[in-house]
Amino acid sequence: MLESTKKEGTQVVKEGNRYTATVENWASDGGGVARVGGMAVFVKGGIVGERCVIEIEHVGHRAAWAHIVELLEPSPARIEPSCSHYGACGGCQLQHMDYAAELDFKRQRVADALQRIGGLDMDVPPVLGAADTASYRNKAQFPVGPGPRVGFYRERSHRVVDVDGCALQSPAANDLANALRTWMKEYNIPAYDEKSRKGLVRHLFVRANAARECLAAVVVNGSALPHEGALVEAFRAAAPGLIGIVLNENCRDTNVILGNGWRTLWGMSTLLDSLRGVTFRLSVPAFYQVNHAQTEVLYALAEEFAALTGTEALLDLYCGTGTIGLTMARKCKTLLGAEIVPQAVEDARENAARNGVQNARFVCADASAVAAELAKTGEMIDVAIVDPPRKGLSPQVVESLLQISPARIVYVSCDPATLARDLKLLSAQYEVKKVQPVDLFPRTFHVETVVKLERS
């Protein structure tokens, strides 16, 4: 038993000790929060309302972390996970609760962040849930490890858990992952080892579209693969909807999945998909929302919040392949999209041309640089849409948005904490009018939120 302790009230919380506790609230990662002797204890896999015996794993200055040893009073929302890899694989976190409880947690997560971080005491509406919570992902990124193992990383580690089928991925993605593993075993192809920096195959990347076509990319520590022809045959046999296979070269000592070198092994190097009546060309590295059905919901909501009349200059920051902006282009006067990934900008320009959109231009630059340039030149922007990564808006982007001062800002967020932080900064000049969470990532703790801000 470890000796690290923390005294709260009259009770000492000690690592290795067991306590009976009731889960009182949600943690941001979908676990539960209980209290022992006045100390907050984060309970992995706990559901609000459950009474359980917990064992303390770690004690910090203000909180402790524990796992459940015995469920004394399970929640009615607790269910048996459908995936045999759940708990070992870190790909999803909420398969132990029913979907109604998951949506309740996500609504509460957004509300808590807005109040605690953003100082916004708002009535957050129920999350717009998904009709389908399985096989919804149109993008799969399978890390490959020695073994070979093809699957996903164990939680909080870079150890690959071998997965023969993921319930969230498309059937084609699972079939291609299994085909890659079989091919590697048959031809003795070594997987990349992060410690030794030796080996060849690093990742399998699969994109799929609504028409059930797919594009595969094999990421390698080199510029070629032995037995490439056999891999092509194996992939084509595994996934009838496959339209192309590309090889990506990544020889860097990095956690970044994709490198800069590309070569087509067979077929096409891009994939077409359609959102809200607009057709998009997608290269492998381009950003694209992973849940097609829920993206339709998300973008319709963003358009509603933008309240376009046909006369506005629309700015789309972090535009990716132009998806949000191009679905609204016919309802605004001009569209300016900004994205830092060159291939995504190329795709965005191609997408505009493909769909006959003539009032849009796309620039390859950091969002902060584009916003700063607009503030400097005084180019009028009526409505701005921002869809940043999880780290949210940089201080420079916030400052520039305040200088540009569009009448409305539509903020599409994938992280409630950074959203709340940014809304607090923007509140110097804007009022939050509407907030709506949307579930694009069923069975995980992630949640998207769309916010409408109007200039005060």
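Two strands pair if DSSP finds at least two bridges between them. This model is predicted.

**Sheet**

Strand β14 (residues 242-249) and β15 are joined by six bridges and run antiparallel. Within that pair, Leu247 has Arg263 of β15 as its bridge partner. Both strands belong to an open sheet of seven strands with mixed pairing. The order is β11-β10-β9-β12-β13-β14-β15. β11 and β15 are the edge strands, and each pairs on one side only. From one strand to the next, the twist averages 35 degrees.

| Strand | Residues |
|---|---|
| β11 | residues 160-162 |
| β14 | residues 242-249 |

**Second largest pocket**

The second largest pocket has a volume of about 520 Å³. Its lining takes in 19 residues. Ser135, Tyr136, Ser170, Asn209 and Arg212 lie nearest the centre. Two elements give two or more residues to this lining: α2 (171-186) and α4 (292-306). α4 supplies the largest share, three residues. By class, the lining has nine nonpolar, seven polar and three charged residues.

**Helix pair**

Helix α1 (residues 99-116) meets helix α9 (residues 416-426), with axes that come within 8 Å and cross at roughly 35 degrees. The crossing is right-handed. From α1, the contact uses Arg109, Val110, Ala113 and Leu114. From α9, Pro416, Ala417, Leu419, Ala420 and Leu423 take part. That contact has eight nonpolar, no polar and one charged residues.

Technical notes:
Residues numbered from 1 in each chain as written. Predicted model: local features only at pLDDT ≥ 70, side-chain atom pairs only at ≥ 80, totals over all residues. Heavy atoms only, no water. 1 Å grid on protein atoms, 1.4 Å probe; cavity = no way out; pocket = protein on both sides within 12 Å on 5 of 7 lines; lining within 4 Å. Points joined across faces, edges and corners; volume = space filled by probe spheres on them. Helix = DSSP H or I, 4+ residues; strand = E, 2+ residues; numbered from the N terminus. Nonpolar A, V, L, I, M, F, W, Y, C, P; charged D, E, K, R; others polar. Axes fitted to C-alpha atoms, helices over the stretch in contact; angles between N-to-C directions. Left-handed = near helix turned anticlockwise from the far one by under 90°. Contact = heavy atoms within 4.5 Å.
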